[in-house]
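Open the model in your viewer and keep the sequence panel beside it. The tour goes from one selection to the next and says what is there.

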Amino acid sequence: MTSPGQADPVRQLLEKTICCFDSPGPVNVCRKTVYNVMKRYKETGNTTSKPIPGRKRSVRTKRNVERVKKRVQRNPRRSMRATAKEVNISRTSLRRIVKQDLGLKALKMQHRQLISAEIQGATDKVMVWSDEKMFTVQAVVNSQNDRVYAHSAQHLPEGCRTHFHRQKPAGVMVWAAVASDGSKSPLVFIQEGVKVNSQVYLQMLEEKVLPWCTNAFGNQYVFTQDGAPAHTSNITQAWCKQHFPGFWDKNMWPPSSPDINPMDFAIWSILERDVSRVSHSSVTALKTALMKSWSKLDAETVRRSCQAVPSRLQVMIKAKGGHIEM
């Protein structure tokens with residue numbers, strides 16, 4: 001079938017008796033179109049296209065398209081099945097109306113973290129941020145950023161460019177906390193081979209954490225922890241609410257949000273950069289290096305890390321709980 005836009009220039013060429021074999025260039029249409037228009041012009045004396053065969057549209061009419069448009073605008077989340085049933089047309093026809101006539105796309109729902117009003121609001125109490133991290137005796141190498149500069153690999157001493165690692169190196173789990181006033185807790189080492197469940201975690205809170213918080217801040221502090229299973233169990237939550245004067249429970253802390261914990265986005269990185277740049281001969285040597293590095297961590301660095309939390313929260317709020325880059 002030839003559209004009127006293509007037929008008019010061909011008709012002009014016909015009237016000017018231009019050869020059909022030369023016409024595809026000037027009019028920018030294919031040769032088959034030229035032949036068809038010439039044939040129709042000779043037979044009927046005009047270049048008007050023949051009527052389109054077949055029955056007229058009975059479903060994808062302007063009325064149905066407008067009905068579907070209004071329903072989609074009123075509730076974009078309504079399913080195709082429900083909408084098709086409501087307007088009494090098939091789902092296949094409805095999809096064609098939505099995609100071809102309305103030009104709409106089906107977009108997936110996005111998951112974002114809920115930020116509670118308590119987190120968004122400021123507090124006049126000392127904020128205590130806690131976390132655990134596993135350190136191993138093996139040196140940490142960033143395969144993306146760590147480089148060795150030389151004219152060629154042959155100019156490097158043997159082993160200078162090589163990093164050996166074990167499948168399961170020995171290590172130690174460390175608990176620590178920092179506070180918004182610049183103070184820091186003693187390091188707490190979890191015994192090797194012990195799984196940190198609710199009972200182990202509660203014993204540590206009662207014997208190590210609560211005495212330090214009470215001596216350092218009295219009752220003017222808020223204790224926070226992430227969403228690890230041992231932290232969010234009912235027995236742990238009940239104990240924390242009973243013994244800490246201020247406590248962010250599991251419903252207040254946004255899950256999968258290490259970007260608002262100073263331990264995650266700052267403190268652990270400082271320790272790892274200092275301690276894990278070289279391998280250690282034993283777990284005891286690793287613990288000694290960790291305590292030495294922890295003692296060098298000054299109050300100003302801790303304070304600046306904690307002061308970065310409000311700005312990070314604002315970025316999260318602006319992103320409505322979505323992914324952020326800091």
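A residue is called buried when its relative accessible area is under 20%, exposed when it is over 50%, and partly exposed in between (1.4 Å probe, protein chains only). The model is a predicted one, in which local features need pLDDT of at least 70 and side-chain atom pairs count only at pLDDT 80 or more, while totals for chains, interfaces and linings use all residues. Residues are numbered from 1 along each chain as its sequence is written, and side-chain values use heavy atoms, with hydrogens and water left out.

**Aromatic rings**

Select tryptophan 239 and phenylalanine 244; both are buried. Rings of Phe, Tyr and Trp (its six-membered ring) count as a pair if their centres lie within 6.5 Å; planes under 30 degrees apart are stacked, over 60 edge-to-face, and the rest tilted. The structure has eight aromatic pairs by this rule. Next, select tryptophan 129 and tryptophan 248: the ring centres are 5.8 Å apart and the planes stand at 90°, so this pair is edge-to-face. Tryptophan 129 is in strand β1 (residues 126-136), and tryptophan 248 is in the loop between α10 (234-243) and α11 (262-275), 119 residues apart. Helices (H or I, at least four residues) and strands (E, at least two) are DSSP runs, numbered from the N terminus. Both tryptophan 129 and tryptophan 248 are buried. Go back to tryptophan 239 and phenylalanine 244, with centres 5.7 Å apart and planes at 80°; this pair is therefore edge-to-face.

**Salt bridges**

A salt bridge here is a side-chain nitrogen of Lys or Arg within 4 Å of a carboxyl oxygen of Asp or Glu. The structure holds eight of these salt bridges. Select arginine 60 and aspartate 101, whose side chains meet in a salt bridge at 3.0 Å, N to O. Arginine 60 lies in the loop between α3 (31-44) and α4 (62-74), and aspartate 101 in helix α6 (residues 91-101), 41 residues apart.

Then select lysine 241 and aspartate 249, which form a salt bridge with the closest N and O atoms 3.8 Å apart. Lysine 241 is exposed at 52% relative accessibility, whereas aspartate 249 is buried at 15%.
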